[in-house]
Amino acid sequence: MPRPLSPSEASNYSNHCPSNSPTAKSSCSSESEEMAATTSLGGADDRVMATAQQIVKSLNTTKNVREDMLLIFSSFDNRLSNITDLIKQDSNSLSRLEEAERIISRWDSASHHSAPAWEDSREETAEFLAAVDEVLGLLDDLSIQADKETLDRAEIAVQVAMSRLEEEFRHILITNTVPLDAERLYGSIRRRSLSFVGNDGEIAEEFDSFGEIDCESTCFHVRGASLCDDDLKEIAERMIRSGYEKECVQVYSNVRRDALDECLQILGVEKLSIEEVQKIDWKLLDEKMRKWVQALKVSIKVLLSGEKRLCEQIFDVSDSAKEICFNETAKGCVMQLLNFGEAVAIARRSSEKLFRILDMYDALLDVLPDLQLMITDEFVSCKGTFAVFENAVQSETSRKPMLGGEIHPLTRYVMNYVKLIVDYNETLNSLLEGDEDEDESHALPNDDGAGMTPVARRLMALLATLESNIEEKSKFYEFGMQYIFLMNNILYIVQKVKDSDLIKLLGDQWVRKRRGQIRQYATAYLRAAWSKSLACLKDEGIGGSVSNVSKAALKERFKNFNACFEEIYRIQTGWKVPDHQLREELRISISDKVLPAYRAFVGRFGSQLESGKHAGKYMKYTPEDLENYLLDLFEGVPLVLHHLRRKST
């Protein structure tokens, strides 16, 4: 922050005011007062700049005085070296903003009912768009140096302009949409007997015969080719640049979706449920199936292909807007067509339907290449999303162990994600089918993925990545606890697979393999966590036989076992095994290992200590005590044994 003037500098400034010039002295005095007032109002970081701007702005003195003053101020802060240019620039920006505000406010229909109509004057429209560009350009420049009040004014002007542009965008889309001429359409179809055994050019020839539906026209049922290139595109570009892409996309999708719905109605495709289709008598259903076959070809080859080109032209500046607009616009149309086809396919079978259903099937095969071309972005997006998620799972390298060895958040997140994917299994398979790189990039060891669907192979590869990550994370746990962590997480994965449709994709063999892993981890846990305690219960090192056993060595063995067990109890009561069955199985496994060994050791050598003093100090626990204490393990609540020693006998 620039420092204030020192007394000597202030004196120096005073000396630069010519003493023989009353006008200059008056000017210097006035400027000093304005400088003080301005400095007291500004923020700490902007005081020097604001002061200097005020002084230069109010200079009406001689050239020499003015140059002296600028020299003084520029000497103590290098930001003031170009102060004159900054002030001129600020003044110019303000005047440009005021002019743009004037033009925009004139178009604000909310406050001016006599606002110009967009289509009435191309000159006024161009002026309005230029004013919007001016404000957007000023915002980019002003954000660095302007005061808050000026920035607020510019942002308000943008909001007003965007509101008007949104209205015009909707208005242009609605008023220039021309509905299909049903009579001419079906008359043409009947004359040409539109079928699906001809070449792809047949549908284009068919609709060339009546101008409003032309598959070569970008706007196919929007008036005027220039409309897409000019007004809509101009508005979309400015709304997207201003951060109003969402509003623009929503307006477009709503209007065009309604237009496509109307087209389907004219083509004779109704919204019917499966139950409604099943109740229709054959003669009426046959007619609807005929219309559906015709409408499918028209919708995919003409309407949607034109809609795709329209989106690409209007939203040329934003790939995301193109994709979202087309998907949101076309989704309802495609789903309505497919829903009717599905309803017919699953309805009651009858011989008279066979050939009409075959016509429907041929129609779907015919339009499928066109549909696939239009959803190429969806396919790439689907693959890309999978790849991004797989990489995210693989690269998740948090090193903080979970308290108690519980299920890691990554495991929960991935399994919830995978379960959602299964709901879209059929759609994803159709998108991923035929991917040449898919088999190689998602190859699984030992041909685990042989004969599986593309989605199943990807999910299996994703879960393999998750398991590998969990294995790495287990290395950050203390010996023994790492196996509890692994068992918790692998079991959680297995349960999520078994309790969902994932089991149909991955198969029982996949589950059995993970169950085997859990058993191996349990064995490794027993060895890691209990080997030291069990070593205390062995005969080696305490004498040749029961009769000549060393009591000192025996006491040490009992003492060591007690210490080991109490330490295990303190630590492992704090470990958490959420699954009830796994928790009980672990306790049983521990009991089967520890209790027989303890009973045998006490049975062989207990009598050697019971007759001595302080026997309870060494033989602190009965086998029944240990069995009860084992029930406290893996509850996630650390406990400490407070044992009351038995009295010596």
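Analyst: A search of the whole structure finds 15 aromatic pairs. Rings of Phe, Tyr and Trp (its six-membered ring) pair if their centres lie within 6.5 Å; planes under 30 degrees apart count as stacked, over 60 as edge-to-face and the rest as tilted. Take tyrosine 525 and phenylalanine 634. Their ring centres are 5.9 Å apart and their planes stand at 65°, so this pair is edge-to-face. Tyrosine 525 belongs to helix α23 (residues 508-535), while phenylalanine 634 is in the segment after α27 (623-630), so the pair ties together parts 109 residues apart in sequence. Helices are DSSP runs (H or I, at least four residues), numbered from the N terminus. Both tyrosine 525 and phenylalanine 634 are buried, meaning under 20% relative accessible area (1.4 Å probe, protein chains only); exposed is over 50%, and partly exposed lies in between.

The model is predicted: local features need pLDDT of at least 70, side-chain atom pairs count only at pLDDT 80 or more, and totals for chains, interfaces and linings use all residues. Residues are numbered from 1 along each chain as its sequence is written, and side-chain values use heavy atoms, leaving out hydrogens and water.

Next come phenylalanine 565 and tyrosine 629. This pair is tilted, with 6.4 Å centre to centre and 50° between the planes. Phenylalanine 565 lies in helix α24 (residues 551-572) and tyrosine 629 in helix α27, so parts 64 residues apart in sequence are tied together. Phenylalanine 565 has 2% relative accessibility, so it counts as buried. Phe565 and Tyr629 also belong to one aromatic cluster with Trp530, Phe561, Tyr569, Tyr598 and Tyr621.

Key: Helix = DSSP H or I, 4+ residues; strand = E, 2+ residues; numbered from the N terminus.
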